[in-house]
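Colleague: I'd like to learn how to read a model like this one. Could you walk me through it?

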Amino acid sequence: MSQNNKITIGNMPELPYAIEEAVNRLRVNMSFLGEDIKKIMVVSTMPDEGKSFVTMQLWRQMAQTGVDSILVDADMRKSVMVDKYALQREDGEKINGSSYYLANDIALDQAILKTEYEHGDIIPNNDNVVNPSILLESRKFADMLDQLADRYRYVFVDAPPLNLVSDGERIGSLCDGAVLVVRGNATPKNMVKNSVRQLERAGCPLLGVVLNRVKGSGSGYYYKQYGSKYGYYGKNYGSGDGYGYYGSKK
Ligand SMILES: Nc1ncnc2c1ncn2[C@@H]1O[C@H](COP(=O)(O)OP(=O)(O)OP(=O)(O)O)[C@@H](O)[C@H]1O
Ligand SMILES: [Mg+2]
């Protein structure tokens, strides 16, 4: 069976310069983390803080700069990626995403989708399931991430929020580190602290914190990286509303 695993991304937002720059700095800082850091979970405490946004933009920029990267959508309960970004297979077939791959007997290469970015592949989730824990706990999921880490420089994993279910901790336990997205002026500090503890418990190093959707003026995006383990500290500025200030590409 000949297959064309290529998709079009119908709705990739065009970012204002300040945000594009902030993502760029996040991307550059990633390269200071060392070559052992390959599987990177993007997670947050609560829903709607901007995990999927940050994962998608980081993945896109990394791919556009020629670094082999794959995005894995591990939000298998309520992913909206396929709809929101208008992902469509060029051959018109249904997208078999991450949960489909885990629950069915298909080859990994059938789940990996090529995109307009030569260095950017993607495994979205297209079949939300009520209880994905069993899939995430499976050996197959761990193996999938390992295989991808062998094939790509970066595996960016878009995770569900940490406060709801244990999925995030499980995913974190399989990754080399996490980027914690925090919605400015929204997520209570003690809950963020709790997320940090959850990541610690999962044995997942905190690589950096993205302060996102900050109200005010400017880019709505702020990035801060810490962690003496990596001996690096950097930050990106930008306060701002962060809501609906970008338009989509026609
Ligand atoms: N920096 C930003 N600038 C503009 N819009 C943003 C930004 N971050 C997030 N958004 C928008 O905010 C909404 C929520 O973001 P997103 O879906 O990425 O959050 P999430 O943390 O993945 O949510 P969920 O927990 O439901 O998976 C989306 O409509 C997204 O496009
Ligand atoms: Mg999301």
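Colleague: Where does Ile-106 lie?

Modeller: Ile-106 is in the loop between helix H4 (98–103) and helix H5 (108–111); helices here are DSSP runs of H or I with at least four residues, strands are E runs of at least two, and both are numbered from the N terminus. This is a predicted model, where local features need pLDDT of at least 70 and side-chain atom pairs count only at pLDDT 80 or more, while totals for chains, interfaces and linings use all residues. Residues are numbered from 1 along each chain as its sequence is written, with chains lettered from A and ligands numbered from 1 in the order in which they are written.

Colleague: Is Ile-106 buried or exposed, and why?

Modeller: Exposed, because Ile-106 has 12 C-beta neighbours inside 10 Å. The cut-offs are 20 or more other C-beta atoms within 10 Å for buried, 12 or fewer for exposed, and partly exposed in between, with C-beta atoms placed from the backbone. Leaving out residues up to four places away in sequence, Ile-106 touches Asn-96, Tyr-101 and Ala-111 (contact means backbone-placed C-beta atoms within 7 Å).

Colleague: And how do I read a strand?

Modeller: In a regular strand the side chains alternate between the two faces of the sheet. Take strand E3 (residues 39–44): six of its six residues are buried. Lys-39, Met-41 and Val-43 sit on one side, with Ile-40, Val-42 and Ser-44 on the other.

Colleague: Which strands pair with E3?

Modeller: Strand E8 (residues 154–158) pairs with E3 in the parallel sense over four bridges, and strand E9 (residues 177–183) does so, also parallel, over five bridges. Pairing takes at least two DSSP bridges. Ile-40 has Phe-156 as its bridge partner in E8, while Val-43 stands opposite Leu-180 in E9.

Colleague: What about the core?

Modeller: In soluble globular proteins, nonpolar side chains tend to be buried together. Here the largest nonpolar core has 63 residues, and Ile-40, Val-42 and Phe-156 are among those with the most contacts inside it. A core joins buried Ala, Val, Leu, Ile, Met, Phe, Trp, Tyr and Cys residues through C-beta atoms within 7 Å.

Colleague: Last one: how do I describe packed helices?

Modeller: Give the angle between their axes and the distance between the axes. Helix H1 (residues 17–30) and helix H2 (residues 51–64) pack at about 70°, with axes 9 Å apart. So H1 is roughly perpendicular to H2 (65 to 115 degrees; under 35 is roughly parallel, over 145 roughly antiparallel, the rest oblique).

Key:
Axes fitted to C-alpha atoms, helices over the stretch in contact; angles between N-to-C directions. Contact = placed C-beta atoms within 7 Å.
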